Amino acid sequence: MILQILKSIILLCSVSGLAAYIGWEYTSKSFIEIFLFATVLQLVFFYFYNSLISYFTRLKLERENLETIQLINTNNVILECSSCKKTNSVRVDLSGSNEFTCTHCGTDNILNIEFKTITKTNIL
Ligand SMILES: [Zn+2]
């Protein structure tokens with residue numbers, strides 16, 4: 001970490017020094033003025049660059065978290081194929097329609113989910 005910071009500072013000073021040397025040769029401005037201007041310009045540029053990078057990284061992480069939450073809300077169920085009666089592991093999501101293709105015979109199946117209620121009885 002400290003090594004990366006030192007490397008960044010050395011690179012920043014090198015680019016500013018090069019810009020100041022070139023500017024000092026071809027303009028009437030002093031070396032220090034051009035050096036400071038180039039340094040501030042680089043700092044502002046990298047501030048916005050890093051802000052954009054962190055913004056897009058945060059968006060990507062939020063999207064991945066959302067996909068993970070959607071995966072958590074589904075359940076795997078062992079179901080028989082309607083055609084060959086062999087079992088398949090099917091991911092069931094109650095928020096939409098569920099279909100699966102049998103891994104044994106390749107038949108496309110649609111999952112029909114029915115909910116029934118029963119009365120809870122008390123033991124006498
Ligand atoms: Zn099948």
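**Close-up views of a predicted model**

**View A. Glu33 sits in helix 2.** Welcome to the first stop in this predicted model. Glu33 has 13 other C-beta atoms within 10 Å, so this residue is partly exposed; the exposed class ends at 12 or fewer, and the buried class begins at 20 or more. Along the chain, Glu33 and Ser83 are 50 residues apart, and 81 Å separate their C-alpha atoms.

**View B. Helix 1 packs against helix 2.** Here you can follow residues 2-26, which form helix 1, alongside residues 31-72, which form helix 2. The crossing of helix 1 past helix 2 is right-handed.

**View C. Residues of helix 1 meet residues of helix 2.** Which residues does helix 1 bring to this contact? They are Leu12, Val15, Ser16, Gly17, Ala19, Ala20, Gly23 and Trp24. From helix 2, the partners are Phe31, Ile34, Phe35, Ala38, Thr39 and Gln42.

**View D. Lys85 lies in the loop between strand 1 and strand 2.** On either side of this loop you will find strand 1 at 75-80 and strand 2 at 87-92. Take a look at the backbone here: phi of Lys85 is near 65°, a positive value in a residue other than glycine. As a rule, most residues other than glycine have a negative phi. Is Lys85 buried or exposed? Lys85 counts as exposed, because 10 C-beta neighbours lie inside 10 Å and the limit for that class is 12 or fewer.

**View E. Asn112 belongs to the segment after strand 4.** Strand 4 covers 108-110, and Asn112 is found in the segment after this strand. With 8 C-beta neighbours inside 10 Å, Asn112 counts as exposed. How far is the C-alpha atom of Asn112 from that of Leu3? The separation is 61 Å, for two residues 109 apart along the chain.

**View F. The protein is divided into domain 1 and domain 2.** To finish, step back to the whole chain: domain 1 takes in 2-72 and domain 2 takes in 75-110. Taken over C-alpha atoms, the centres of domain 1 and domain 2 are 52 Å apart.

Key: Residues numbered from 1 in each chain as written. Predicted model: local features only at pLDDT ≥ 70, side-chain atom pairs only at ≥ 80, totals over all residues. Domains from an automatic or database assignment. Axes fitted to C-alpha atoms, helices over the stretch in contact; angles between N-to-C directions. Helix = DSSP H or I, 4+ residues; strand = E, 2+ residues; numbered from the N terminus. Left-handed = near helix turned anticlockwise from the far one by under 90°. Contact = placed C-beta atoms within 7 Å.
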